[in-house]
Amino acid sequence: MATIINQEIPEGLDGADGTGGEQLQIPSELPVLPLRDIVIYPFMIVPLFVSRERSIRAVDEALGENRMILLASQKDLDKEEPAGEDLYQIGTVAVIMRMLKLPDGRIRILVQGLTRARLDAVEAGGEYLRARLTVMQEPPAPERSLEVEALVRNVRASMEKAANLGKNISPEVMAIIANLDDAGRLADLSASNLELKVEDAQSVLDIADTTARLRRVNELLNKEIEVLTVQQEINTQARADIDRSQREFYLRQQLKAIQSELGEGNELAEEVTQFREKIEAAKMPKPAEEESFRQLKKLERMHPDAAETATLRNWLEIMTDLPWSKASVDNLDLIKAERILNEDHYGLERVKERIVEALAVRKLKEKPKGPILCLVGPPGVGKTSLGRSIARALDRKFVRLSLGGVHDEAEIRGHRRTYVGAMPGRIIQAVQQAGTNNPLIMLDEIDKVGADFRGDPSSALLEVLDPEQNNSFRDNYLGVTFDLSNVMFMTTANVLDTIQPALRDRMEVIRLAGYTEEEKREIARRHLLPKQMEENGITPKNLHISKTAITAIIQQYTQEAGLRQLEREIGTICRKVARRIAEGNTETVRVTVKNLHEFLRAPKIIPDEVLKKDQIGIATGLAWTAVGGDVLFIEALRMKGKGGLVLTGQLGDVMRESAQAAYSYAKSRAAELEINEEDFNHYDLHIHIPEGAIPKDGPSAGITLATAMVSVLSQRPIRKDVAMTGEITLRGNVLPVGGVKEKVLAARRARVSTIILPQQNRRDMDEVPKELFGDIRFVFVENVRQVFREALREKVVPPAPVRGTRPARLPQAASGPSH
């Protein structure tokens with residue numbers, strides 16, 4: 001059974017009557033060609049690519065019969081072998097106008113739709129789909145009815161408006177639409193150019209009634225125009241308001257949509273995925289993890305090239321790079337740790353003992369809240385290198401932070417992310433650099449931290465160095481808390497006076513005094529000489545320095561509590577030897593006391609020595625400086641005057657007050673001290689401390705000043721081999737002073753045989769090596785009268801002249817005439 005329709009016969013088809021008339025017979029059964037993502041309407045001419053085997057056989061069958069084929073759209077686009085129930089029930093009978101076989105096995109056909117048809121039954125068992133069909137006759141539209149006329153005009157106007165709003169409709173199609181009178185064909189042509197989804201396009205094909213079909217097309221057109229209008233408004237507003245970066249953002253959003261349709265990713269999406277994986281792998285605390293994911297979602301919605309995007313990306317990189325859960329395993333072998341400390345440093349027994357104790361506590365308790373160690377001592381005594389050795393002994397990472405000159409609180413707590421160039425504080429940076437959450441962080445030069453209008457870094461360090469608070473340290477840049485309780489902090493300082501009291505209270509102070517001559521010689525032999533030889537490329541076969549030469553370098557070329565100048569002098573010798581080797585002289589160079597000047601030239605230091613003889617008015621004092629101990633000679637001279645006291649030598653206020661107190665004590669005890677009371681009215685007293693260009697201050701010169709004054713007023717010589725230190729009161733009591741070890745070392749360098757110290761400083765003798773001071777006598781005093789008995793000799797009374805002879809003239813002291 002065949003259906004006859006009135007249709008213009010395409011080229012290549014014969015009419016039913018064999019004369020090429022306009023009547024066309026549609027068979028009741030036709031091969032079926034399933035379509036994936038397109039709906040073909042009657043009168044449409046469309047090229048199609050056919051690649052499925054069953055579809056190719058259906059095309060071959062159609063070409064072999066009458067060139068007619070039934071085009072039906074699939075409901076599921078991904079199904080490779082659709083059956084009858086997978087196809088829409090309304091399709092289009094089409095004629096194959098041309099066919100071209102492609103090299104890859106596919107075929108390309110050009111089809112023209114003829115009429116709508118209903119699929120009554122589909123046979124899927126053969127080599128191709130074949131369906132029994134019923135042609136859907138289109139009822140003619142009422143002649144020029146008002147509704148049809150209105151719908152036709154609306155459709156034409158809507159198509160023109162859509163084209164003006166940017167819809168991609170060719171001018172030829174618009175010309176056809178403007179001149180097309182057939183309402184049904186107008187509806188189909190309009191629907192085919194709207195790029196509708198398969199479901200919407202099929203809904204138009206399902207409607208045979210012309211008026212209803214026009215109404216449906218008009219609805220779809222209105223919806224499309226609304227979308228295009230909103231898009232146009234967005235485009236207009238964007239062009240008016242956004243700058244270049246925002247325009248790029250708009251283009252990138254379009255690109256993102258295109259890539260999404262194509263199944264491709266973009267760089268930002270890949271970066272977001274990487275950050276998400278890093279956050280999950282970092283094992284952060286829950287608040288930090290939640291904040292990281294929140295910021296990651298924010299990054300995902302941002303423009304890739306915006307300034308805030310770069311800031312957020314840097315924040316996420318730091319957050320994911322921090323060692324939230326990564327820690328190194330401590331070496332809890334006490335014997336091994338002690339051996340490492342002894343290998344790296346000679347001496348410093350108290351410090352080593354304290355470190356081993358801390359390690360023992362950590363071995364017994366998993367997370368002890370130990371104190372912060374503060375190593376205080378002159379420059380060059382090995383404070384920083386000791387921290388490095390401790391880290392090596394504990395198998396921890398070592399990070400050094402120099403706080404000298406830091407005056408901004410943000411250096412410690414970090415900058416807020418609102419600022420351009422913001423970054424975390426130096427504490428968080430150090431932890432990030434270490435790569436573990438339990439490194440040893442050395443805060444160097446903590447006594448040189450400044451403060452100004454930008455904040456007080458010392459106050460910010462209070463939280464860092466407090467074991468009760470640093471488990472929730474909050475960095476301004478991170479915006480979340482970080483646990484610093486696993487970090488082992490150590491600090492170094494030259495003096496304690498400039499450290500804020502509250503900060504000093506949080507630290508356990510361990511003092512490192514200067515090295516003795518024997519310790520310097522041993523350190524030079526074990527550490528400094530091998531280090532400099534390695535740095536200068538020479539071997540022990542090329543250079544040998546005798547022990548006496550090292551001692552001469554220490555005595556004649558260095559004057560320091562530490563070792564830096566000694567290392568520089570040894571480095572000078574090594575460089576001169578390296579030059580000889582480079583010039584071809586490979587003989588072993590032996591450095592002795594005799595040829596030392598050939599390498600280091602003339603001695604730079606004249607060692608402090610005791611006076612040549614006992615003198616009136618010259619006392620030997622001991623002073624503490626930032627670079628160690630020193631010997632101080634205090635000179636006193638009396639001269640005709642009215643009892644005034646003159647002080648010279650750049651003395652500080654404290655030292656001036658000590659001199660005044662000593663002078664007052666001497667006046668009050670004149671008879672007891674064998675001083676003529678009339679001398680206080682007829683003589684002025686001048687006190688001078690040499691090296692006047694160097695400021696001097698402190699109370700420890702009190703008994704030395706008193707001894708020099710009493711010596712010159714009572715004309716009693718001072719023993720040349722006695723050195724002293726101690727503070728004096730108006731009642732003559734001797735108070736304790738600091739820096740005992742440094743002062744004792746200075747006295748030993750000056751070859752003093754007797755040292756006078758306050759009684760209360762006897763406890764400090766534990767820090768003084770006993771074996772090095774066996775030839776020195778220590779005298780501990782409580783009152784200045786004991787000092788005078790120990791330091792002053794008896795007054796020398798000249799013999800009476802023999803009658804008839806001239807009296808002999810007494811020799812005068814260097815400090816002034818005798819009276």
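**Close-up views of a predicted model**

**View 1. The sheet is open, with five strands in the order S10-S11-S14-S9-S15 and parallel pairing.** Its edges are strand S10 (398–402) and strand S15 (507–511), each pairing on one side only. Averaged over neighbours and ignoring direction, the strands of this sheet are turned by 25 degrees against each other. Here, strands (E, at least two residues) and helices (H or I, at least four) are DSSP runs numbered from the N terminus, and two strands pair if DSSP finds at least two bridges between them. This is a predicted model, so local features need pLDDT of at least 70 and side-chain atom pairs count only at pLDDT 80 or more, while totals for chains, interfaces and linings use all residues. Numbering starts from 1 along each chain as its sequence is written, and side-chain values use heavy atoms, with hydrogens and water left out.

**View 2. Strands S11 and S14 run side by side in the parallel sense.** Residues 440–444 (S11) and 488–493 (S14) pair over four bridges. Leucine 443 stands opposite threonine 491 in S14. Helix H12 (residues 349–364) packs on the sheet, touching strand S9 (372–376) and S15; contact means heavy atoms within 4.5 Å. The direction of H12 makes about 150 degrees with that of S15, where axes are lines fitted to C-alpha atoms (for helices, over the stretch in contact) and angles run from 0 to 180 degrees between N-to-C directions.

**View 3. The largest nonpolar core has 53 residues.** Such a core is a set of buried Ala, Val, Leu, Ile, Met, Phe, Trp, Tyr and Cys residues joined through side-chain atoms within 4.5 Å. Buried means under 20% relative accessible area, exposed over 50%, and partly exposed in between (1.4 Å probe, protein chains only). Those with the most contacts inside the core are Trp324, Leu443, Ile446, Val464, Leu465, Leu484 and Phe489. Leaving out residues up to four places away in sequence, leucine 484 touches Ile427, Val431, Val464, Asn470, Asn471, Phe473 and Phe489.

View 4. Tyrosine 663 sits in helix H22 (residues 653–668) and phenylalanine 680 in helix H23 (residues 679–682), 17 residues apart. Tyrosine 663 counts as buried at 5% relative accessibility, and phenylalanine 680 does too at 6%.
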